[in-house]
Amino acid sequence: MALLIGAMVAALMVAASTSAQAAQTTSEASIQRGDSTTASIDLSDEGVAGPAHLQYKLNGAWHTFPIHLAIQDGVATHTWSPSGTRTYRFTSNGQIFDTFTVRVEPIDLTYYRHDASIDRGDVAEVTVRASHGGSGSGVLQYSRDGRTWGTSSIGVEFGDDGKANIQWRPSSTRYYRVNAFGASTGAFRIYVAQPARYSLSSSVSANTVKDKEAVWVTGVVKDRGSNPGATRVRIQQRTGGSWFTVTTLTTWGNGSFRHQVNPSRTTDYRVVALPGTSSQVIGPALTVTASSGSRTLEERRQDVAWRLGSPTSSIKNLGAAYLSKADYPGGATAGRYQFFQDGMLVEVTNRFGTRTWMVLDDIETAYRNRHWWGGSLGLPFGDVTCGYLESGCLQQFSGGAVYENGSSMSPGTYVAYGAPDLASPLAAAYSQAGYEEPSWRSNKYNSWIGDNNAWCSVFVTWSFYASGQGSKIPYSSSYPSFVNELRSRGVLDMSPSTAELEPGDVVLFDWGTGTPSHAAMVRSVSGGSTLFTIEGNTTDGSGDPQRGVYMRTRGLSSVWATYSPRDL
């Protein structure tokens, strides 16, 4: 009697003894899990007519395959796919033959995860290799916790080299594994980053500027890719230290924003969007490198053409008469200009070099209405600077300053003539003329400084800070401390004359008590005894007791002392 076991193309001969009760097994068959094997027994020497049965041993007991094996030419044969390593034997007509073992080697599935983390909507990719190196099919399974598994609809096909590449779009973070050939890979996790509700993009209009040139921080806030409506945005800056907020503004309805800055040295800017009550989106640091040096009209135009729009004139030269009239700092020796849809560029050459300045929008209109360089404002002495109190912007000229107030209470442009550093706070003060205090010492200037004292000096201080000149005035909430600060610094002129006063100087009045008790800013003088001022915490002089910000006429005899901001 002979016993034959085949595994794929390999065959195993098992010799049986002539005794039906005994058999000798000479070796074991070995196959990969999922493969089939064939076992045969030659019963011709036993005189057995059949049928034969194949049995397997499980948990210590023998079980019979539910198939009757016909004996043809004395040989019984059976082919099957073992699920695991087992011991088998043939039986026929009550005779039991030798046992034999078929060893089933497990298939090892290994994976290579291409993507451990992806954004939602992106494709995840995994490559799996089966150790037996053959083709076949499998499935991709998923789990939320790595314990309970479900089967996806994604099929897995192994090539003849035993490799399978799977690509799919996970909708959320889950554990995955591949099941094939009766085996599974280890679990692997694909982290799916969910898109944030709000997004922010920001940039600067130029990465390099010259001193006093403007650059714009621009960007857009989106809500799931759509317009979020009006959204608060903070513009922050740092120059080597901590971040601090320059201004807080509101985007346009489409979520876009634009804010002008004028860095005097290399500065980092960033945007913090505040779209919700408790959420914020912080943009990257945006570095602007500032330096000194010349810049021609053509060079500047290349950087700011997007802001100016299309040119509406050619480049033209400024006449010598205009240059000399302008009384430009450093002495203007040459000049050129060009008009654009939204403003103009003015190039001025003096002994320090050549610089080109923008004049834009409403300030350009105010400049044009005053005959540009042919009028008293003269030539621009820097770009417009914005971000001041009440969304104010200011541009200095050789003969004065133009202040643009962006508040709803006093919008418009306001012009003050004189030296640009003195005219700047005066122009800001002009924007407040006519303001009336709602109630006794309850007003926006005291609210700004955080107190409720007599506020004539607070109004003066506010005007300087509103025009970027805050370093030239004491910051104090009370009049006595304001005066004491000026006195301690030795900058008070105790014997002033009208010939010495300039527009923008600060005057302290004494109403006959020997002690100063009121402050104002000089607008102009007349003769040797009359001052025209703008003042806060005063009446309009008509007898109406309403206090506010008004233009007044005062006599030099009431002046206790004067102060030029240039002296602080």
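Modeller: Before we start: two strands count as paired if DSSP finds at least two bridges between them. Keep in mind that this model is predicted.

Biologist: Okay, how many bridges link β30 and β31?

Modeller: There are 8 bridges, and β30 pairs with β31 (residues 353-360) in the antiparallel sense. The two form a hairpin with 2 residues between them.

Biologist: And which strand is joined to β30 by 7 bridges?

Modeller: That's β29 (residues 334-340), also running antiparallel to β30. Here too you get a hairpin, with 2 residues between β29 and β30.

Biologist: How do I read the side chains on a strand? Which residues of β30 point which way?

Modeller: In a regular strand, side chains alternate between the two faces of the sheet. In β30, G343, L345, E347 and T349 point one way, while M344, V346, V348 and N350 point the other way.

Biologist: Are those residues buried or exposed?

Modeller: They are all buried. Since 8 of the 8 residues of β30 are buried, the strand is largely enclosed by the rest of the structure.

Biologist: What about empty space? How many cavities of 30 Å³ or more are there?

Modeller: Rolling a probe the size of a water molecule over the atoms shows where empty space is left. This structure has 1 cavity of 30 Å³ or more, and the largest cavity holds about 50 Å³ of space.

Biologist: Which element gives the largest share of its lining?

Modeller: α1 does, with 3 residues. Overall, the lining splits into 4 nonpolar, 2 polar and 4 charged residues, including R295, R300 and D303.

Definitions and conventions
Residues numbered from 1 in each chain as written. Predicted model: local features only at pLDDT ≥ 70, side-chain atom pairs only at ≥ 80, totals over all residues. Heavy atoms only, no water. 1 Å grid on protein atoms, 1.4 Å probe; cavity = no way out; pocket = protein on both sides within 12 Å on 5 of 7 lines; lining within 4 Å. Points joined across faces, edges and corners; volume = space filled by probe spheres on them. Helix = DSSP H or I, 4+ residues; strand = E, 2+ residues; numbered from the N terminus. Nonpolar A, V, L, I, M, F, W, Y, C, P; charged D, E, K, R; others polar. Buried < 20%, exposed > 50% of the residue type's maximum accessible area, 1.4 Å probe, protein only.
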